[in-house]
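Biologist: Please take me through one part of this structure, the packing of its helices, slowly and in plain words.

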Amino acid sequence: MTILEIKGLTARVAATADSAETVDILKGVDLTIESGQTHAIMGPNGSGKSTLAYVIAGHPKYEVTGGTVTLDGEDVLSMEVDERARAGLFLAMQYPTEIPGVSTANFLRTAATAVRGEAPKLRHWVKEVKEAMSDLDFDPAFSERSVNEGFSGGEKKRHEILQLDLLKPKIAVLDETDSGLDVDALRVVSDGVNRYKAEENGGILLITHYTRILRYITPDRVHVFVDGRIAASGGAELADELESEGYEKYLTPANA
Ligand code: ADP
Ligand code: MG
Ligand code: MG
């Protein structure tokens with residue numbers, strides 16, 4: 001059993017050489033996710049959902065100013081990005097990065113080697129990748145293409161779930177993996193997430209704008225995220241309420 005515990009987390013965009021200005025984005029996030037649980041986070045654009053995902057993963061653009069994040073009691077915030085991945089954290093990005101010149105096959109093997117601590121045995125690995133690609137409706141020819149370069153929106157999202165399938169993290173943060181998917185791709189992605197749940201008993205933080213993915217992936221808890229914090233939490237029925245009534249009643253005066 002794994003527990004990711006987030007307590008009183010505050011964070012801002014880190015100052016850069018070009019800009020000394022900092023903006024507070026996370027304003028006290030409390031959230032606990034255990035193995036086998038699926039938590040959905042829903043909230044308006046700009047409320048800080050991706051920032052939360054990035055802070056958990058360790059993106060250097062963000063500076064944590066308070067609070068704690070622990071994975072089975074270990075301090076996540078003091079870990080480097082690659083240590084977080086080895087500890088069992090995974091982020092599927094809202095906007096996956098293109099990496100020209102790096103083949104998808106190479107990228108996946110390098111990632112698996114980094115997370116597992118040793119290179120996967122080649123014969124095993126080829127089979128593993130072939131199966132995962134077929135599960136996610138990828139033509140094997142994708143292996144030779146540069147990572148995400150020229151991929152359609154849906155292909156980029158399916159590639160994130162391909163990584164989830166191969167890396168088998170303990171806790172997966174999926175940032176709007178459903179955005180921009182047609183119905184068929186949504187089904188393929190959801191099936192992939194549900195396989196991960198069933199096979200790995202993984203904990204999932206599913207950030208989404210839309211309730212339609214929640215018809216395929218049943219959340220145990222739904223959280224309303226507004227202005228850098230969780231404004232309300234409930235069961236799956238809360239998602240239906242948000243769909244029909246929107247976020248209005250959760251907005252703070254400053255945001256309304
Ligand atoms: P969401 O994912 O909920 O749409 P984000 O976490 O992407 O929200 O953004 C939250 C707020 O933080 C937005 O107002 C956004 O403009 C701001 N923000 C995020 N990243 C940066 C950055 N690197 N520099 C400046 N502002 C940022
Ligand atoms: Mg976002
Ligand atoms: Mg599989």
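Modeller: Happy to, starting with the words for angles: under 35 degrees counts as roughly parallel, over 145 as roughly antiparallel, 65 to 115 as roughly perpendicular, and the rest as oblique. This is a predicted model, where local features need pLDDT of at least 70 and side-chain atom pairs pLDDT 80 or more, while totals for chains, interfaces and linings use all residues. Residues are numbered from 1 along each chain as written, with chains lettered from A and ligands numbered from 1 in the order written.

Our focus is helix H5, residues 153-167 (helices are DSSP runs of H or I, at least four residues, numbered from the N terminus).

Take H6 to begin with, residues 183-200. The axes of H5 and H6 come within 10 Å and cross at roughly 10° (axes are lines fitted to C-alpha atoms over the stretch in contact, with angles from 0 to 180 degrees between N-to-C directions). H5 and H6 are therefore roughly parallel to each other. Their crossing is left-handed (the near helix is turned anticlockwise from the far one by less than a right angle; clockwise is right-handed). On the H5 side you'll find Gly154, Lys157, Arg158, Ile161, Leu164 and Asp165, which meet Ala185, Val188, Val189, Gly192, Val193 and Tyr196 of H6 (contact puts C-beta atoms, placed from the backbone, within 7 Å). This contact has 7 nonpolar, 2 polar and 3 charged residues (Ala, Val, Leu, Ile, Met, Phe, Trp, Tyr, Cys and Pro are nonpolar, Asp, Glu, Lys and Arg charged, the others, Gly among them, polar).

Now look at H4, residues 122-135, whose axis also comes within 10 Å of that of H5, crossing at roughly 140°. That makes H4 oblique to H5. The crossing here is right-handed. Glu128, Val129, Ala132, Met133 and Asp135 in H4 touch Leu162, Asp165 and Leu166 in H5. By class, you get 5 nonpolar, no polar and 3 charged residues in the contact of H4 with H5. Notice Asp165: this H5 residue turns up in the contacts with H4 and with H6.

Like H4, H3 passes H5 in a right-handed crossing. Leu108, Ala111, Ala112 and Val115 of H3 meet Gln163, Leu166 and Leu167 of H5. The residues of the contact of H3 with H5 divide into 6 nonpolar, 1 polar and no charged.

Technical notes:
Helices (H or I, at least four residues) and strands (E, at least two) are DSSP runs, numbered from the N terminus. Two residues are in contact if their C-beta atoms, placed from the backbone, lie within 7 Å.
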